[in-house]
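These are my notebook entries on a structure that I am opening for the first time. I write down what I looked up and what I found there.

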Amino acid sequence: MHHLLKTILTSETYCRSAASTPEHLEKDPRNELLARSPRTRHPAEIIRDQALAVSGLLNPAIGGPGVHPPQHDLWSEISHFSYNPPFTAQIFLPGRDASTLRRSVYTFWKRTSPPPVLSLFDAPTRETCAVVRNATDTPLQALVVMNEPQFVAAGAALGKRMIAEGGASPTSRLTYGFRLVIGRDPEAKEMKLLEKSLARHLERFTTGEADAQTLAGTPEQAAYAMLGSTLINLDEFINRP
Amino acid sequence: MNPIDTHLNAISRRSFLGLTGLGIGAMAARSRLAADAKSLVGGGAPAPSHFAPSAQRVIYLFQSGGPSHIDLFDYKPHLEKVHGQDLPDSVRQGQRLTGMTSGQKNLPVCKSLARFEQRGKSGQWISDLLPYTSKVADHIAVIRSMHTEAINHDPGITFINTGSQFPGNPSMGSRVSYGLGSMNENLHSYVVLVSQGTGKNPGQPIFSRLWGSGFLPSNHQGVQFRSSADPVLYLNDPAGMNRSDRRAMLDDLSAFNHIRHNEMADPEILTRISQYEMAFRMQTSAPELSDLSDEPDWVFDLYGPESRTSGTYAYNCLLARRMAERGVRFTQLFHRGWDNHDNLQTHLANQCRETDQPTAALITDLQQRGLLEDTLIIWGGEFGRTVYSQGKLGTGRDHHGRCFSTWVAGGGVKGGVSYGATDDYSYNIVENPIHIRDLNATILHCLGMDHNRFTFRF
């Protein structure tokens, strides 16, 4: 078995990148010839967990009862709610402490109204056995990563982390943030984009064209928060690279 | 699983959906291709059909809890004579009852709470509890011979909405979304609106599986429009961010993703870019949809005073019309409170008062706008109610699946018609039974789909 696994793992095929060319896609759209590695979207839990992780917000505590990351009270809209909380899951009571920032595997699961952040990314309902998960790509997912409060907080925290831990120069801070999220250095083209984007955000927040205070604090913090959010929305972050 | 199949399953959604060889119904696949060409969420141009559709869209007014057909649509003069007498065994025929009445010593037959009258030119029998529906009697076709095996809410409501009493199957709306795709670029093809009646408050619970996508891809699940500042979940940008900030962020995001696409040549990246753009458009189109400030007073008068209050059934009926105008394929209202086990007199009257006027208004309004002819409207619940009383005579009615009434209108339906018949007790069907699956197949038929040729293998 060890021999088999080693052979697979060290094979040229297994080590291939997911990069492709239009020519390859044309000749082998289903990748039956294994010229490239499959490029799949991360599962729901990983998308949320890694956003919390790269921003430094993730609470790594292990074990214990389920937790309730804040969400809209979708429960009472559909439930019987004739019993007093907290004995039943008829009304959603958001968690208020650091437990809400734990890994998604700890998120309390109400099967008749699953947590939307996870179900919108195709987490199965757990009402029936799922042999395979879908990997859809929808505008509602875009709205989650752009606007769901924990993802917004993750973007802002990532921005702060870039300022605090990324050195003094914008270049080193941007490189640091990019490395945290994507796991590689930005290419020259990407670096140029990052710098241009930072400069534009800074200008808008400094001149008051955009509201830094409400969004994240100082104009600098707000500009980095915007970049933090942009980074965790990158296709390369949501997909397996 | 065969490892080669596993590998093939790992291919991208886009190329997967382009392959009819994997067993996706040809129509659905063509629709998906059309949809992908326009990079939309639930589809693109209307797809080629199995046969000519009589409806382009559906508005499903689901009355959750089981409305009493005996008091609303199924006129039984015989009940006047046997009012208060025990239900004869020859009628009950040993049918199992729910635990709520199976222990009762007597099953006293209760006549309709309201007077019936023939309405419109067609002479449909409708009770006084529905005065507004009575006025549109010539538009609706009442099916008096609906039936289901389920006798309790959870399996019953799951059955009629997904075709099975067990969870895991796609809802009607997501089937339609999958099969036909969307007709607009800014909204979803399947939208859900939930409201709570005062008939029984709180009502029976409902579940997101009723609008779930089951084994279909989750982009076909119903999107709930809610009566809050965020009509669609996470629609609003964070506090402090304005539209130009969001636009600037999306421009950057798109530039980064394009760089990546140049390297990977993965068409999924372009799809993601377009989904973000659709999200941006939805941030405008969804609030515009639920902003009723451009509706004139006569419209609110038509739907009734509650149509000005968000979250009510009347408001949702008005929203349903706006969705029809904007090309939403399948709009489904879930209105709770019809589970009238007790206080039937008060609760049923309340339910009817809240729903009757807006329901009829929707038909009138769609007709005035020329939309009724290709919009299929369905009004009904998961089962009916018993002719015998739960508790003392006239107090309430228990669940009854052996027969109940549902009506359909618009979208190729012949109005002013009654279909099927029940016995003198409105207990058993004596003519033209329509199983809830038959109704669902008919809905698909009206949309141009042959349910036997509409499959999804996975």
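Which residues of α8(A) meet which residues of α11(A)? Before answering I note that this is a predicted model, so every entry below describes a prediction.

**Entry 1: a helix pair inside chain A**

I looked up the contact and found that Gly177(A), Phe178(A) and Val181(A) in α8(A) meet Leu227(A), Gly228(A), Leu231(A) and Ile232(A) in α11(A). Sorted by class, the residues of this contact are 5 nonpolar and 2 polar, with no charged residue among them. I then checked how the two helices lie: α8 covers residues 170-182 of chain A and α11 covers residues 219-232 of chain A, and they pack with their axes 10 Å apart at an angle of about 30°. Angles under 35 degrees count as roughly parallel, and α8(A) and α11(A) are therefore roughly parallel to each other. I also noted the hand of the crossing, which is right-handed where α8(A) passes α11(A).

**Entry 2: chain A as a whole**

I next asked how many helices and strands chain A has. Along its principal axes, the C-alpha trace of chain A spans about 60 × 60 × 35 Å. Of the 241 residues in chain A, 41% are buried. I also looked at the contacts in chain A between residues at least 6 apart in sequence, and 58% of them join residues at least 24 apart.

Is Lys6(A) buried or exposed? I found Lys6(A) in helix α1, residues 2-9 of chain A, and Lys6(A) is exposed, with 10 other C-beta atoms within 10 Å. From there I followed the chain to Ala18(A), 12 residues along, and the C-alpha atoms of Lys6(A) and Ala18(A) are separated by 21 Å.

Asp122(A) took me to the loop between α5 (116-119) and α6 (139-147) of chain A. Most residues other than glycine have a negative phi, which is why I wrote the next value down. Asp122(A) is not a glycine, yet it has a positive phi of about 70°. Asp122(A) counts as buried because it has 22 C-beta neighbours inside 10 Å, where the cut-off for a buried residue is 20 or more.

**Entry 3: chain B as a whole**

Buried residues make up 54% of the 458 residues in chain B. Among contacts in chain B with a separation of 6 or more, 76% are between residues 24 or more positions apart.

I looked up the confidence as well: chain B averages a pLDDT of 88, and 89% of the residues score at least 70. I marked residues 6-46 of chain B for careful reading, as pLDDT stays under 50 over them, although the model has 91 contacts beyond four places in sequence for this stretch.

One residue of chain B also has a positive phi without being a glycine, namely Tyr234(B), at about 60°. Tyr234(B) is placed in the loop between β6 (223-224) and α10 of chain B, and with 26 C-beta neighbours inside 10 Å it counts as buried.

**Entry 4: where the chains touch**

How many residues of each chain are in contact with the other chain? I found 55 residues of chain B in contact with 58 residues of chain A. On the side of chain B that touches chain A, the elements giving two or more residues are α1 (3-9), α2 (13-17), α10 (243-264) and α11 (267-290) of chain B. The largest share of that side, 12 residues, comes from α10(B). By class, the side of chain B that touches chain A has 31 nonpolar, 14 polar and 10 charged residues.

I then looked at α10(B) against helix α9 of chain A, residues 188-206, and their axes come within 10 Å and cross at roughly 175°. That makes α9(A) roughly antiparallel to α10(B). In this contact Lys189(A), Glu190(A), Leu193(A), Ser197(A) and Arg200(A) in α9(A) meet Ala248(B), Asp252(B), Ala255(B), Phe256(B) and Ile259(B) in α10(B). The contact of α9(A) with α10(B) has 5 nonpolar, 1 polar and 4 charged residues.

My last entry is the predictor's score for the complex, an ipTM of 0.93 and a pTM of 0.88.

Note on methods: Residues are numbered from 1 along each chain as its sequence is written. Chains are lettered from A and ligands numbered from 1 in the order in which they are written. This is a predicted model: local features need pLDDT of at least 70, side-chain atom pairs count only at pLDDT 80 or more; totals for chains, interfaces and linings use all residues. Two residues are in contact if their C-beta atoms, placed from the backbone, lie within 7 Å. Helices (H or I, at least four residues) and strands (E, at least two) are DSSP runs, numbered from the N terminus. Ala, Val, Leu, Ile, Met, Phe, Trp, Tyr, Cys and Pro count as nonpolar, Asp, Glu, Lys and Arg as charged, and the others, Gly among them, as polar. A residue is buried if 20 or more other C-beta atoms lie within 10 Å of its own, exposed if 12 or fewer, and partly exposed in between; C-beta atoms are placed from the backbone. pLDDT is the predictor's confidence in each residue, from 0 to 100. Axes are lines fitted to C-alpha atoms, for helices over the stretch in contact, and angles run from 0 to 180 degrees between N-to-C directions. Angles under 35 degrees count as roughly parallel, over 145 as roughly antiparallel, 65 to 115 as roughly perpendicular and the rest as oblique. A crossing is left-handed if the near helix is turned anticlockwise from the far one by less than a right angle, and right-handed if clockwise.
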